[in-house]
Amino acid sequence: MTGNARKWAAWLGVVLVGLLWGTGSARAGLVALTATPTPSTTVTASPSPPVGPRYVVQPGDTLYGIATRFGVDLDRLMAVNGLGPNDVLYPGRELILPDLAAVSGYLYAVTVPFGEDWRSLARRYRLPPAEFVRLNHLVSPYQLYAGRPVIVPGDATGPQAWPALARLQLGPGEGLLEAAARQGVNPWVLRWLNHLSGASQALADDVLFYPAADGRDQALGALPPEVRAVRWKPDPRVQGETWALFVTLAPAALPADAADQAPPVQGAWRTRPLHFAPWDDAPADDAAGRTFVALSGVHPLAWVEPYPLRLEGTLPDGRAWAFEQEQPIAAGDYGFEEITVPPEFLDATVAQAESARVAEIMSGYTPTRYWDGPMQAPSPYGGDCINSLFGTRRSYNDGALWGYHAGVDLCGGLGTPIYAAADGVVVLAENLEVRGGAVILDHGWGVYTGYWHLSAIEVQPGQQVQAGDEIGLAGSTGRSTGPHLHWELWVGGVPVNPLTWLQQAWP
Ligand SMILES: [Zn+2]
């Protein structure tokens, strides 16, 4: 018997006894069993104030931060705990949180993981959902972005989460009793654990918890159980960088004739759609299902704030599911440079039309993946010989125009051979006004590379190329101030740092 299984057995034994007495006694019974063997220690009625839940000071805490987090008055917090302005707040010190008399025990701040909503978090931490909302001053479900701290109750040892929970969702037209029978779960346990006062309180799309028989907790408590795992790299996403999203679906979620079918998961991040493709190189842990991957990028000028990730799909039985949650991004480390160019370079009308055309091409999606492994530097001088980095904020001619560098400038004198960075198909090969001699390669799965300012173009649209094939010669055509290769890489319709693709294999 695992530790978790033992814990569940202890809990459930009490639940069933408690249910015979009614919910109130069940709760009382629970407290008595989990506390130390002496039942009298569970009665904590203190003869005199101050009353209120306790909080154990964590490293990095400030009094002001604690007061804000728990919504209590700073002066009251100090007074109740006998703290003066010169007292040191050391980690491990217990504070009484005043004016929260309806709550008892200890309060903890935990981080909201992706895939949980207020209902699932409340259930996970053994609170009626209304109580969780009140404790966290929630007015909108969108406040629960991943990474945000929320307040949950616990005892002196830590937050009071259930040991290991599995997920269950009612099927079409299925009642709570039928679902419980299907899963082999006691319906009373299901009701009690999910704070349902009656069987009719379970909504059709509600994801319910039950004790996990294998002792493995299933995260993603707000998603249907058919969604086994959602992960992404890097975590967090970084401004101006590529990211990959992996979604693992249980066999039951896959269409019967899986060949050539549209992936059973779709999604969007910020305002752009995510295109999923089957990913068979997933870790062995995903063996119980099938993993799909989508590649995308964070725009280098995206504000550093949370953005919504939306996932949705339709299960073979016709149930549609959708989940959306905001997640923060991390700032990229970008410099600033002042650039002086001939005044005619700043004429925006030509540039805008050309940029729109290039963006449209480089925002496409081809379901075939042509590349494999890391890309190779398109210049014979390699990826370390750089004239200008990606993402640098730029001021042209003393602020006459602002922008950012959408690619990386690699070394390449006039006539230097330029190579395809990876296998792909030529989708543009022509002279453009701003970009000069330009080649765009489609590598599949929404990944494109662009090569600008070429003095000669040696490929044609539709041509298949392999990594290392010569596609043209470096130059200074278009709006360029000297010979070099401007190399651009787009993923999911967003220009991202190309150098990352030289250092690692994606996805
Ligand atoms: Zn450039």
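Which residues does L454 touch, not counting residues up to four places away in sequence? In this predicted model, local features need pLDDT of at least 70 and side-chain atom pairs count only at pLDDT 80 or more, while totals for chains, interfaces and linings use all residues. Residues are numbered from 1 along each chain as its sequence is written.

With that exclusion, L454 touches I418, G436, G437, A438, V439, G472, L473, A474, G475 and T477, a contact being a pair of C-beta atoms, placed from the backbone, within 7 Å. L454 is also among the residues that touch the most other members of the largest nonpolar core, which has 81 residues, and V247, I418, V439, Y451 and I471 are named with it. Such a core is a set of buried Ala, Val, Leu, Ile, Met, Phe, Trp, Tyr and Cys residues joined through C-beta atoms within 7 Å, where buried requires 20 or more other C-beta atoms within 10 Å of a residue's own. A second, separate core of 21 residues includes Y55, L95, L97 and Y106.

Turning to the strands, which are DSSP runs of E of at least two residues, numbered from the N terminus, and which pair if DSSP finds at least two bridges between them, five of them form an open sheet in the order β2-β1-β3-β4-β5, with mixed pairing. Because β2 (94-96) and β5 (158-159) each have a single partner strand, they stand at the edges, and one side of each is left without a neighbour in the sheet. Within this sheet, β1 (residues 54-56) runs parallel to β3 (residues 106-111), joined by two bridges, and R54 has Y106 as its bridge partner in β3.

How values were computed. Buried ≥ 20, exposed ≤ 12 C-beta atoms within 10 Å, placed from the backbone. Contact = placed C-beta atoms within 7 Å. Helix = DSSP H or I, 4+ residues; strand = E, 2+ residues; numbered from the N terminus.
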